[in-house]
Amino acid sequence: MSSETKQILTTDGIPLEVSLKKAEKKNKIKAFLLVAPLLLFLIITYVFPIGEMFSRSIDDKMITNMLPKTFKEMEKWDGQELPSEEVFAAFYYDFKVLVEKQEHGKLGQRLNKEKNGFNSITKKLFRQVKRKKIDETISIKEQVMRVHKRWRNVEYWQAIKRTAPPYTMSKYLKGIDMYYAADGSITQVDEDRRIHRILWLRTLEIAFFVTLFCFLMGYPIAHLLATLPMKYSNLLMICVLLPFWTSLLVRTASWMILLQQQGVVNDFFVMIGLVSDDNRPEMMYNKVGTYVAMTQILLPFMVLPLYSVMKTISPSLMRAGKSLGGTPFVAFWKVYFPLTIPGIGAGCLLVFILAIGYYITPALVGGASGTLISNQIAFHMKQTLDWSFASAMGLMLLSGVLVIYWIYNKLVGVDNIKLG
Amino acid sequence: MSKNPEFVKFDKVDKSYDGKVLVVKDLQLDIAEGEFITMLGPSGSGKTTCLMMLAGFETPTHGEILLDGNIISNIPPHKRGIGMVFQNYALFPHMTVYENLAFPLRVRKVEKDEIDKKVDKALSMVSLSGFETRMPAQLSGGQQQRVAVARALVFDPAVVLMDEPLGALDKNLRESMQYEIKHIHESIGVTVVYVTHDQSEALTMSNRIAVFNDGKVQQLSNPAELYEKPVNSFVAEFIGENNTFNGEVVDIAKDKCKVKLANSEILANPISVKSKGEKTTVSLRPERALINPTDKMDNMFSGKIEEVIYHGDHTRVRLNLLGSSEFILKVPNSTSNLELKVNQDINIGWNSIDARALDPK
């Protein structure tokens, strides 16, 4: 179409489009320079670390780099029978290098994760190599096989071959309680060891219910805030925001004081005779504690978007609904409620996404049955130092959030979100 | 069909929001069935409060409101069956035009076919047929206003209230909508209570106008009477233009009185003054004073032209007359126009019957 339309020229004979671009170029550069610091900041603090996390989570180059010759020879191996003399020899020379660099221990540990029993046989092989017991002029295969009978077992060689690719999805599989079985197929771990799946489900469950509770409590508050006269609504707004300005840690700690068995809430229950003194319910170090504390902490994130949307709804709409014959409920349900959906969407999305990655509150008041996936990630970062697994779980969490966002976009439309 | 002259009745209604100030004071107002009545007044005069009390969004502090003989003070708005057009239209932004119009019918559980028919009729009444599937945001201000009018009428209410419905429209559109609403009212005969602060709108549309000020009805009468015969100086000032003279009554007869101004005396028509010595404000419409009158008039003075402003269909002349430099004359622009120049001295005359001696300002 555009090629057929006659080109418009300026009075100087320059095509209008070119002239327009020239005129706007300066503005574009200015605009870009204005956002450049932010862009740089985002790249450094966000894009780059996520990339780093991703590469760490799939990284499996350690053995690939330790046994270069072995894997080269193994390319020709069919993986069914015991490998050939060349593979054994290549492995022996790789191992010798590792012994010189004193890295054989790491190899044993890493291979032991792949298949139990590697640690001891690499140690045995190390002693033989150190004492120079292996004669390089005759068949290395025979000599290595004599070190330990497991070196004669093809399953161990298959395990080594599995570690050949420099990248692995095994950390991700571990995150959903699965692993590569000996034959390379993806298998579930034993039922009594499936801890991660429970954590994922619990995280989703807690996030869902916290969102629900926040909505049920936040909606009336937001409505009140939006309709009350200014002097009252300001006071109420401060009440909503005050916890927002208090440190998260302080708020969580105060919940610990309130909820513990000898705490304020329990004392009150005993006082009004709801529970007996020797039968105080546990409200902390379980899900109840997590629900209560997280709902309170995340409530402002629900109230604020709802409030900003409700503020824009003219009170005359409800009046119109009533004057046209709708009962107050019909006027609310057919007129007011549909108009608040953008706020509900924004609030729920915000609370749900924050709840799904919540860490400090469940860690402090959650106990064993109230911890979430983020606590597991922290555990692997700080205790087991399995950073690649922590990265994998973090990325799974991130992609989960993106999926939720995508579903939300399909259902409600992100354009409809109003954050204020 | 006999019309009920007290179809809507405000009976000694008081309204106060804070317990200190009365926004509406002892309101007594009867509205006949099928009448178009306008509540006119400056902002804060209590007219919108009256409308809200009638609609049911505010409750009277004292007194009763009756609709067709029934007390409605305790009936919630949705059961009153009163249609309302709001200042900002209050169309439901998430519903199409059709759904907006169908809303009052659906909540009344009207059959689907019947709804279609009524919506169709209402839309054609405001000449918006074919706009059913549009969203309110896709309509212009005038179209939105018409949808709001159609929605308030679609369920055949006995009374329709309109709260400054044309305030947000531009001048031309506002004028054409005035006629349109007037014609709709004439064709379906519904009782309309209309609130505005725009006097020309009130004069154009209404059967009767209630002028509000300070929580009270100052005058309730038809447009012509309101303009020609204001009963007090607020109404005279508020409706149309008006030249005023402040003075003291020095002589009074049945239909004439002599008012002493600062340095002269004029003859006026005694409306609110009863006896000698009373202070008064004399009100005279600008078009009732003539330049070089040929007929005999009982007030004849000469003044000096201070300013001449051309207004298209007429020319406004500001004179220095009887010690006031704010005397306004309206001269129609006809072919036999006079030469009017600043600083020219001219003779002005008016009849004492047109100069109304009202309460002092």
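In chain A, take the contacts between residues with a separation of 6 or more: 67% of them involve residues 24 or more positions apart. In chain B, among contacts between residues at least 6 apart in sequence, 66% join residues at least 24 apart. Please keep in mind that this is a predicted model.

Let me stay with chain A for a while. Its mean pLDDT is 85, and 96% of the residues score at least 70. Within the chain, the element with the lowest mean pLDDT is strand β1, residues 178-180, at 81. The highest mean, 91, belongs to helix α10, residues 195-227.

What is chain A built from? It has 19 helices and 2 strands. Its radius of gyration is 32 Å, while the globule rule gives 22 Å for 420 residues, so chain A is more spread out than a compact globule. Along the principal axes, the C-alpha trace of chain A spans about 100 × 95 × 35 Å. Of the 420 residues in chain A, 29% are buried.

Now chain B. Here the count is 8 helices and 20 strands. The C-alpha atoms of chain B fill a box of roughly 75 × 50 × 40 Å along the principal axes. Buried residues account for 39% of its 361 residues.

Chain B has two domains, domain 1 at 8-233 and domain 2 at 241-358. Their C-alpha centres lie 39 Å apart. Where these two domains of chain B touch, 4 residues of domain 1 are in contact with 6 residues of domain 2. On the domain 1 side of that contact there are 2 nonpolar and 2 polar residues, and no charged ones.

Next, the cores. As a general point, nonpolar side chains in soluble globular proteins tend to be buried together. In this model the largest nonpolar core has 96 residues. Those with the most contacts inside this core are Leu54(B), Ala148(B), Ala150(B), Leu161(B), Val193(B), Ala210(B) and Val211(B). Which helix of chain B gives the most to this core? That is α4, residues 141-153, with 6 residues. Apart from this core lies another one, of 47 residues, and its members include Leu225(A), Leu259(A), Leu299(A) and Ile373(A).

If you want one residue to look at on the screen, pick Ala210(B), which is on the list of those with the most contacts inside the largest core. Setting aside neighbours within four places in sequence, Ala210(B) is in contact with Leu29(B), Ile37(B), Met39(B), Leu40(B), Val217(B) and Leu220(B).

Last, the place where the two chains meet. There, 15 residues of chain A are in contact with 18 residues of chain B. On the chain A side, α15 (315-323) and α16 (328-356) each supply at least two residues. Which element gives the largest share of that side? It is α15(A), with 6 residues. By class, the side of chain A that touches chain B has 7 nonpolar, 6 polar and 2 charged residues. The charged residues on this side number 2, whereas the domain 1 side of the contact inside chain B has no charged residues.

That is where I will stop.

How values were computed: Residues are numbered from 1 along each chain as its sequence is written. Chains are lettered from A and ligands numbered from 1 in the order in which they are written. This is a predicted model: local features need pLDDT of at least 70, side-chain atom pairs count only at pLDDT 80 or more; totals for chains, interfaces and linings use all residues. A nonpolar core is a set of buried Ala, Val, Leu, Ile, Met, Phe, Trp, Tyr and Cys residues joined through C-beta atoms within 7 Å. A residue is buried if 20 or more other C-beta atoms lie within 10 Å of its own, exposed if 12 or fewer, and partly exposed in between; C-beta atoms are placed from the backbone. Helices (H or I, at least four residues) and strands (E, at least two) are DSSP runs, numbered from the N terminus. Two residues are in contact if their C-beta atoms, placed from the backbone, lie within 7 Å. Domain bounds come from an automatic or database domain assignment. Ala, Val, Leu, Ile, Met, Phe, Trp, Tyr, Cys and Pro count as nonpolar, Asp, Glu, Lys and Arg as charged, and the others, Gly among them, as polar. pLDDT is the predictor's confidence in each residue, from 0 to 100. The radius of gyration is taken over C-alpha atoms; the globule rule is 2.2 Å times the number of residues to the power 0.38.
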